[in-house]
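Please consult the sequence and the model shown here while reading.

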Amino acid sequence: MGFSKIAYNMPLWAAIISWAIAQGSKIILTFITEKRFDATRIVGTGGMPSSHTSLVMALAISIGKYNGFDSPLFAVALIFSFVVMYDAAGIRRAAGKQAEIINMLIIKHQVPDMEKLKELLGHTPLEVFVGGILGIAVGLLV
């Protein structure tokens, strides 16, 4: 058995590669749109495309490709993907909007010893959609 078999786990590699492409593209898109290099985008949340969505969709599609699209494992992975996408575009996006409002209140009322909250948490539906397309493509190609 051994740990070395992980190197041949194609669904795992599809997920990792898709995540890396999504995160790397955030650096490029930030550079193009904001004319600045921001290496923190490689690990940051939010933005175009959704790397969470890309990762889980690549995983699900790759599992379907290798285990069959009619397998119970594919069904579990696909449903897991839908939960992640819903969370990214719904709950995490709402939390980011709330953080933005709280930050404005902190600045306006000059609240001492209060750190600014992270605002870029979730995704727009378009960012989730593009992440999903990226994940599907990588899952089929790997």
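Which residues of helix 1 are buried? They are Pro11, Ala14, Ala15, Ser18, Ala22, Gln23, Lys26, Ile27 and Thr30. The cover over these buried residues includes helix 2 and helix 4, the latter formed by residues 125–141. The model under discussion is a predicted one.

**The chain as a whole**

The protein chain contains four helices and zero strands, and its pattern along the sequence reads α-α-α-α. Its C-alpha trace spans about 60 × 30 × 30 Å along the principal axes. Of its 142 residues, 36% count as buried. Among contacts with a separation of 6 or more, 66% join residues 24 or more positions apart. The accessible surface amounts to about 8800 Å², and carbon and sulfur atoms account for 73% of that area.

**Helix 1 and its ends**

Helix 1 comprises 25 residues and reaches 36 Å from its first C-alpha to its last, close to the 36 Å expected at 1.5 Å a residue. The N-terminal end of helix 1 is capped by Asn9, a side-chain oxygen of which lies 3.1 Å from the backbone nitrogen of Leu12. Just after helix 1, Lys35 adopts a positive phi of about 55°.

**From helix 1 to helix 2**

Phe37 is located in the loop between helix 1 and helix 2. Together with Ile28, Leu29, Phe31 and Ile32, Phe37 makes a nonpolar surface patch of about 520 Å². The structure holds one salt bridge, in which the side chains of Glu34 and Arg36 meet at 2.7 Å, N to O.

Helix 2 covers residues 51–67, and Ser51 belongs to it. Apart from neighbours within four places in sequence, Ser51 is in contact with Trp19, Ala22, Gln23 and Lys26.

| Residue | Relative accessibility | Class |
|---|---|---|
| Ser51 | 3% | buried |
| Arg36 | 38% | partly exposed |
| Glu34 | 44% | partly exposed |
| Phe37 | 60% | exposed |

Why does Ser51 count as buried? Its relative accessibility is 3%, and the class of buried residues takes in values under 20%, so Ser51 falls within that class. Phe37, with a relative accessible area of 60%, is classed as exposed because the limit for that class is over 50%.

Conventions:
Residues numbered from 1 in each chain as written. Predicted model: local features only at pLDDT ≥ 70, side-chain atom pairs only at ≥ 80, totals over all residues. Heavy atoms only, no water. Helix = DSSP H or I, 4+ residues; strand = E, 2+ residues; numbered from the N terminus. Buried < 20%, exposed > 50% of the residue type's maximum accessible area, 1.4 Å probe, protein only. Contact = heavy atoms within 4.5 Å. Salt bridge = Lys/Arg side-chain N within 4 Å of Asp/Glu carboxyl O. Patch = residues over 30% accessible without salt bridge, like charges linked within 9 Å, V, L, I, M, F, W, Y side chains within 5 Å. Areas by Shrake-Rupley, 256 points an atom, 1.4 Å probe, with all protein chains shown as cover. Expected span 1.5 Å × (residues − 1). Polar contact = N/O pair within 3.5 Å; in protein donor to acceptor, adjacent residues only side chain to side chain.
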